[in-house]
Structure formats: structure tokens, C-alpha cells
Amino acid sequence: MNEEDRGKIVQYRIEKAQTTWQEANLGAENSLWNLCANRLYYAAFYAVTALLLKNGHKTQTHKGVRTLFAQHFIKTEMLSIDLNDLYNELFDKRQAGDYADFTDYTQEDIEPLIRPTEAFIHQIKQFIDLEATY
């Protein structure tokens with residue numbers, strides 16, 4: 001893949017992260033908390049995959065994305081461990097909400113994750129934009 005194509009995909013994934021975060025808000029507005037948890041995770045996932053692709057890392061699985069994110073951006077202290085903690089919490093909530101029986105999230109469970117996820121996407125986007133200037 002050439003740099004131009006990579007840049008287009010990175011931009012697309014950041015836009016998809018932002019749109020998916022908006023979908024999470026629609027879920028929250030309608031008290032669809034499991035849906036909101038799902039969309040929050042995927043919003044963060046799209047941002048992380050954009051970051052990984054920007055830096056030449058590819059993976060086929062959610063576990064691989066989590067592993068590469070931690071390995072290349074958290075352990076190296078390029079990004080805060082708080083971002084990794086949030087990403088892992090979103091993953092766990094999405095897994096439980098989508099697959100575990102009798103997991104019905106409430107507003108108290110999910111609403112506190114909405115603004116931090118928006119900030120997560122913003123920080124990843126800023127980091128990608130900062131890298132592009134070098």
C-alpha cells in the first residue's frame with residue numbers, strides 16, 4: 001500500500017471513529033446502554049486501527065489491535081496508560097454486553113465512558129496529526 005492510500009484509510013478510520021461515537025450518543029439518548037457500550041468500543045477501535053495503520057502495523061483481530069496498541073504506544077510511553085485502561089474497559093464492556101447472558105447495562109454503567117471516549121479519539125487524532133508533521 002502506498003503512502004497516499006494509507007493516508008486515505010487512516011483519515012477514513014478517524015472519521016468512522018467520530019461517526020461511531022455519535023452513534024453511541026444516539027444510543028445513550030434512547031437509553032440503549034448495551035448498544036452505547038458497543039458503539040463506544042468500536043469508536044475507540046477505529047481510532048486505534050487508524051493509529052496502527054499510520055505506523056505500519058497490521059493485525060486481523062481485536063486482540064491483535066489491543067496487543068499492538070499496548071506494545072507500540074503504551075509501553076513505549078508515547079501515549080498515556082490511561083488510554084489503554086479505557087480501551088480495555090470499553091472492550092470488556094462490549095464483550096459482555098454483546099455476548100454474556102443477562103448483561104443489561106444501565107446509564108450509571110455506561111454514561112461515564114462517553115466523554116472519555118470522545119477525548120480518547122481526539123487524543124489519537126492529535127497524535128496522528130502530530131506524526132504527520134514530521
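**View 1. The largest pocket takes up about 220 Å³.** Everything shown here and in the later views comes from a predicted model. Of the 14 residues that line the largest pocket, those closest to its centre are R13, T49, K58, T59 and V65. Two elements, helix 2 (33-54) and helix 3 (62-74), each give two or more residues to the lining. Helix 2 provides the largest share, with five residues. Sorted by class, the lining of this pocket has six nonpolar, six polar and two charged residues.

View 2. Follow the chain along its sequence and the pattern reads α-α-α-α-α-α. What does the radius of gyration say about the overall packing of the 134 residues? A compact globule with 134 residues would come in near 14 Å, and the protein has 15 Å, so the two agree. Along the principal axes, the C-alpha atoms fill a box of roughly 45 × 25 × 25 Å.

View 3. Buried residues account for 44% of the 134 in the protein. Now take the contacts with a separation of 6 or more: 65% of them join residues 24 or more positions apart.

**View 4. R6 sits in helix 1 (residues 3-29).** Is R6 buried or exposed? Its relative accessibility is 18%, and buried means under 20%, so R6 counts as buried.

**View 5. E131 belongs to helix 6 (residues 114-132).** With a relative accessible area of 19%, E131 falls under the 20% cut-off and is therefore buried. Which residues does E131 touch, leaving aside neighbours within four places in sequence? They are L51, K54, N55 and F73. For N55 there is also a distance to quote: its C-alpha atom and that of E131 are separated by 9.2 Å, although the two residues are 76 apart along the chain.

**View 6. E77 lies in the loop between helix 3 and helix 4 (81-99).** The backbone is the thing to check here: E77 has a positive phi of about 65 degrees, and it is not a glycine. Is the residue buried or exposed? E77 has 70% relative accessibility, and the exposed class is over 50%, so E77 counts as exposed.

**View 7. F102 lies in the loop between helix 4 and helix 5 (107-110).** Phi of F102 is near 65 degrees, again a positive value in a residue other than glycine. On the surface side, F102 has a relative accessible area of 82%, which is over the 50% cut-off, so this phenylalanine is exposed.

Methods:
Residues are numbered from 1 along each chain as its sequence is written. This is a predicted model: local features need pLDDT of at least 70, side-chain atom pairs count only at pLDDT 80 or more; totals for chains, interfaces and linings use all residues. Side-chain values use heavy atoms; hydrogens and water are left out. On a 1 Å grid over the protein atoms alone, a cavity is a set of points where a 1.4 Å probe fits but cannot get out, and a pocket is an open set with protein on both sides within 12 Å along at least five of seven lines; lining residues have an atom within 4 Å of a point. Grid points are joined across faces, edges and corners, and a volume is the space filled by probe spheres set on the points. Helices (H or I, at least four residues) and strands (E, at least two) are DSSP runs, numbered from the N terminus. Ala, Val, Leu, Ile, Met, Phe, Trp, Tyr, Cys and Pro count as nonpolar, Asp, Glu, Lys and Arg as charged, and the others, Gly among them, as polar. The radius of gyration is taken over C-alpha atoms; the globule rule is 2.2 Å times the number of residues to the power 0.38. Buried means under 20% relative accessible area, exposed over 50%, partly exposed in between (1.4 Å probe, protein chains only). Contact means heavy atoms within 4.5 Å.
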